[in-house]
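Open your viewer and keep the selection tool at hand. Here is a short tour, stop by stop.

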Amino acid sequence: MLRVANDGAIDRAGMTADLERAHAEFHRLLADAERTDAWNKPTQGTRWNNEQLLLHMVFGYMLVLRLLFLVRLVSRLPEAVSRVHARILNAATTPFHPINYYGSCAAALYYNRRRMGAKLDRVIASINRKLAKESDEALHRGMHFPTGWDPFFTDYMTLEDVYRYPGKHFDFHARQLTLDA
């Protein structure tokens, strides 16, 4: 499905700048967590500790790589397919949240404080490469999303929206970290 908002202008430089901003900020957060040894401190408003939440923030970028593929695929199908897919996922919201929580806890065992910075480096580099190759037409293609899964998912998201999503997710969770000494 192709939808064009406003004049259809795509701010690629802004999207790239946001990726690089979060990238630099994440490495600063890792350094703060190390400096204050705050890895196992509980966070504000989540059940995760700082290390688990930092990994969850990386996971938001990892998710984008999968969503880019999904949006490219589903956006070429009839809109009803996208709408039904989103409804099915929304119906599974109740089991999704514990899976999201425990999945981040488990993933933080591997992508721990020693690995998550390098993982984010690779993921953001990959997202930037993909963004540089996207046509404006592709960035306007979209699909329906399960709004119950994430506060930053909207009912309909374009590929451009998906590229912008992880920065919102990152900023939200960065405020929940408790890295102060």
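**Stop 1**

Select Y163. Contacts of Y163, leaving out residues up to four places away in sequence, are M15, L68, R72, I127, K130, L131, E134 and L139; contact means heavy atoms within 4.5 Å. This is a predicted model, where local features need pLDDT of at least 70 and side-chain atom pairs pLDDT 80 or more, while totals for chains, interfaces and linings use all residues. Residues are numbered from 1 along each chain as its sequence is written, and side-chain values use heavy atoms, without hydrogens and water.

Now widen the view to the largest nonpolar core, with 45 residues. Such a core is a set of buried (under 20% relative accessible area, 1.4 Å probe, protein chains only) Ala, Val, Leu, Ile, Met, Phe, Trp, Tyr and Cys residues joined through side-chain atoms within 4.5 Å. Y163 is among those with the most contacts inside it, as are F26, L54 and F145. Helix α2 gives the largest share, 12 residues.

**Stop 2: α2 against α4**

Select residues 50-74 (α2) and 93-110 (α4). Helices here are DSSP runs (H or I, at least four residues), numbered from the N terminus. The two pack at about 105 degrees, axes 9 Å apart. That makes α2 roughly perpendicular (65 to 115 degrees) to α4. Show E51, Q52, L55 and H56 of α2, then N100, S104, C105, A107 and A108 of α4: these make the contact.

**Stop 3: T178**

Go past α7 to T178, in the segment after that helix. Is T178 buried or exposed? Its relative accessibility is 12%, so T178 counts as buried. A polar atom of the T178 side chain lies 2.6 Å from the backbone oxygen of P42.

How values were computed. Axes fitted to C-alpha atoms, helices over the stretch in contact; angles between N-to-C directions. Parallel < 35°, antiparallel > 145°, perpendicular 65-115°, else oblique. Buried < 20%, exposed > 50% of the residue type's maximum accessible area, 1.4 Å probe, protein only. Polar contact = N/O pair within 3.5 Å; in protein donor to acceptor, adjacent residues only side chain to side chain.
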